[in-house]
Amino acid sequence: MQLSIQHKTTYSFEEPVQFALQRLQLAPMKSVHQIVENWDISFTGAQKQLGYVNGFGNHNTLILVDKDVFELVIKVTGLVNTADNQGIIGFEQSYTPMWLYLQETSATQTGKSLKAIANRYKSDEASISQFHDLMAELADRVPYVIGSTNVDTTAEQALVSGAGVCQDHSHIMISIARDLGYPARYVSGYLLMDGVAEQSATHAWCEIFIKNLGWVGFDVSNRICPDERYVRIAVGRDYFDAAPITGIRHGSGNETLDVHLQIQQ
């Protein structure tokens, strides 16, 4: 499937910027299942400082926001050819040690509620079916509710509250998988949604390393393993490693964020 993506992010500042640095992780990861035909990242109100691939294999662009500007606009356009591999990424060469994906982070630390679920899925044999069952259970226990959590909500907090979004679903499943002894990672990316022309945010899911299969994706929010409608952008231990845009800003005044995202076949 060929997917056309247009992604525009606008930051509007109440006061002129004195200093701001942004890290962009907005370039698709290349693989046999995901071929990038063309891709362009542009911005107004900032200057590129550096481009590099980090330890997770994510393509990073570092930009310095122009001093005294009131607006920063980041635009992404491109074409990506995808294939339906039933969520199986498989085995890949990586500089990231597997033990790193077994470590807890502040966002994925297991608490009492998470451990209670994990204990019911403990097994001597690695089985993909147990993760399909886990995905379905989590989708039932934590319905998708926009605005129910924020970027700092932990996996344990979202599970206890009984509501969340794709970020929370991913953190919860990652936390349980790691408690069971499986390396797990967070994935940020794009999703072609049926009947939705305009989106207001990127998507997220998780991948778990399963013996004899390698990395396998699970999208709790949609109760499926990723297919050809998904585009992988970045991976990491949690949202903070794989976030599409992060940064720091010095100066007074608030900022507002406006996102326009179109994904079409």
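Modeller: Let us begin with a term: a polar contact is a pair of N or O atoms within 3.5 Å, where, within protein, one must be able to donate a hydrogen and the other to accept it. Please keep in mind throughout that this is a predicted model.

Biologist: Which side chain is joined to that of His 203 by a polar contact of 2.9 Å?

Modeller: His 203 belongs to strand E10, and the residues in contact with His 203, leaving aside its neighbours within four places in sequence, include Cys 166, Tyr 230 and Asp 219. The side chain that a polar contact of 2.9 Å joins to the side chain of His 203 is that of Asp 219.

Biologist: Is His 203 buried or exposed?

Modeller: The word buried is kept for residues under 20% relative accessible area, while exposed means over 50%. Because the relative accessible area of His 203 is 11%, the residue counts as buried.

Biologist: How many bridges join strand E10 to E11?

Modeller: Strand E10 covers residues 203-210 and runs antiparallel to E11, and within this pairing Ile 208 stands opposite Val 216 of E11. In the hairpin that the two strands form, three residues lie between them, and Asn 212 takes a positive phi near 75°. The number of bridges joining E10 to E11 is five.

Biologist: Which residue in E11 does Gly 90 stand opposite?

Modeller: Strand E7, residues 88-90, is also antiparallel to E11, and two bridges join them. Strand E11 itself, residues 214-218, is mostly covered, with five of its five residues buried. The residue of E11 that stands opposite Gly 90 is Trp 215.

Terms used. Residues numbered from 1 in each chain as written. Predicted model: local features only at pLDDT ≥ 70, side-chain atom pairs only at ≥ 80, totals over all residues. Heavy atoms only, no water. Buried < 20%, exposed > 50% of the residue type's maximum accessible area, 1.4 Å probe, protein only. Helix = DSSP H or I, 4+ residues; strand = E, 2+ residues; numbered from the N terminus. Pairing = 2+ DSSP bridges. Contact = heavy atoms within 4.5 Å.
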